[in-house]
Amino acid sequence: MNVREELKAELNALEQRTNKRSLHKVEQGAMPWLQRDGRRLLNLASNNYLGLAGDPRLTEASMEACKQYGNSASASRLVTGNHLLYDDCEQAVAAWKKTQKALIFTSGYTANVGILSALLNHKSIVFSDKLNHASITDGIILSRADHKRYRHLDVDHLEKMLQQAPAHKRKIIVTDSIFSMDGDIAPLQELVLLKERYNALLIVDEAHSSGLYGATGAGLVQQYALTQHVDLVMGTFSKALGSFGAYVTGDEELIDYVLNKARSFIYTTALPPAVLGAIAKSIEIVSSEPALRETVLAHATYFRQTLTKAGFNLCGSESQIVPILIGHSEQALRFSEALQEEGIAAVAIRPPTVPQQTARIRFTLMASHKREEVQHAAQIIIDVGQRLGVI
């Protein structure tokens with residue numbers, strides 16, 4: 001069998017397991033209602049949690065930055081791409097997160113891959129929650145560190161691993177704050193205690209909690225008053241903040257180390273000025289308008305309570321990410337297609353994104369949803385769940 005035949009066989013195997021992906025045409029994908037394959041659907045699949053991706057204030061800030069600084073940075077930041085807006089944005093992020101320094105990356109994926117492969121090496125040990133995002137896993141693989149995966153949210157299992165680790169080895173604990181496929185929350189206070197007890201660094205990925213939690217929306221690390229105890233916090237601007245790119249915050253020494261060692265930072269063209277303009281405006285809005293996060297979290301609480309009462313398994317969700325556990329990929333696809341027929345956009349999440357036999361429908365709430373829309377959607381989901389035998 002030649003290479004082409006092997007690749008074709010792999011695709012066929014994915015199709016047989018109902019795990020083959022395809023692209024669909026989507027318009028207004030950040031709005032409360034979107035167009036998918038020509039149909040108008042209530043959008044319960046977007047990460048635009050605060051509705052800011054469609055906010056005209058971000059659009060105006062983006063256009064103004066583009067007019068002033070041009071369309072492209074044209075080079076990496078260490079060459080000529082470090083245009084003036086970067087300094088303003090990084091100072092705003094550091095002030096928002098109450099840390100010494102911030103560094104902006106081009107995406108959450110490049111941030112995690114770059115940070116972890118920079119801080120770790122083949123002599124290091126990294127302790128990672130089993131359900132951490134794929135970008136965390138990939139960064140660890142690139143680092144060649146000894147990779148210890150502890151059971152999801154299981155701090156006792158983590159501590160046993162830490163106890164067995166050689167004292168002289170560099171140790172890093174890394175976790176999502178909100179897990180993107182389950183919607184549950186990491187035990188951050190306990191992780192801080194363990195990192196201090198065993199002389200490790202702690203890195204927290206706040207991609208899905210930035211903008212939503214804490215007094216100024218800076219995330220769960222802020223909400224739990226742990227800023228001075230977490231070594232590095234990574235997050236994205238592409239979800240609740242409605243723009244694009246990512247950041248890492250921490251003390252000046254660690255951020256300077258990442259700047260000098262993270263290959264995905266060093267060898268990537270800088271973000272366009274228009275993106276930086278939108279980022280600056282989104283931080284300003286998130287910091288000063290708590291009503292947005294209050295609205296989306298209230299929607300999420302109602303949604304979780306209603307679906308739980310109906311008998312669905314929500315995978316322990318505590319956040320604006322609300323999955324319904326289905327099991328088999330084929331059944332999850334049927335559920336997703338049935339919802340689309342009823343006017344709801346919600347995506348079937350299948351292996352390898354989630355473990356085998358844990359396919360699910362992943363719902364996400366937005367501040368721009370109306371309460372009656374959330375109520376109507378919940379009832380449709382219950383009706384479909386009963387019709388398909390999920391509940």
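What you're looking at is a predicted model, where local features need pLDDT of at least 70 and side-chain atom pairs count only at pLDDT 80 or more, while totals for chains, interfaces and linings use all residues. Residues are numbered from 1 along each chain as its sequence is written, and side-chain values use heavy atoms, with hydrogens and water left out.

## Where the domains meet

At the interface, 26 residues of domain 1 are in contact with 27 residues of domain 2 (contact means heavy atoms within 4.5 Å). Together the two domains bury about 2000 Å², with carbon and sulfur atoms giving 56% of that; buried area here is the accessible area (1.4 Å probe) that two parts lose on being put together, summed over both. Leu52, Arg293 and Glu318 supply 35% of the area that domain 1 buries against domain 2, more than any other three residues.

On the polar side, 13 residue pairs across the interface are in polar contact, both residues being at pLDDT 80 or more. A polar contact is a pair of N or O atoms within 3.5 Å; within protein, one must be able to donate a hydrogen and the other to accept it, and residues adjacent in sequence count only if both atoms are side-chain atoms. From domain 1, α12 (290-310), β11 (321-327) and β14 (359-364) each bring at least two residues to the side touching domain 2, and α12 gives the most, with five. Helices (H or I, at least four residues) and strands (E, at least two) are DSSP runs, numbered from the N terminus.

## Lys239

UniProt's unreviewed entry puts "modified residue: N6-(pyridoxal phosphate)lysine" at Lys239; UniProt positions follow the numbering used here, feature names are shortened, and annotations may be inferred rather than shown by experiment. You'll find Lys239 in the loop between β9 (232-236) and β10 (246-250).

Lys239 counts as buried because its relative accessibility is 14% (buried is under 20%, exposed over 50%, partly exposed in between, with a 1.4 Å probe and protein chains only). Neighbours within four places in sequence aside, Lys239 is in contact with Asn47, Asn48, Tyr49, Ala207 and His208.

## Ser264

Ser264 belongs to helix α10 (residues 263-266) and is buried too, at 16% relative accessibility. A polar atom of the Ser264 side chain lies 3.3 Å from the backbone nitrogen of Gly114. Leaving out residues up to four places away in sequence, Ser264 touches Phe105, Thr110, Val113 and Gly114.
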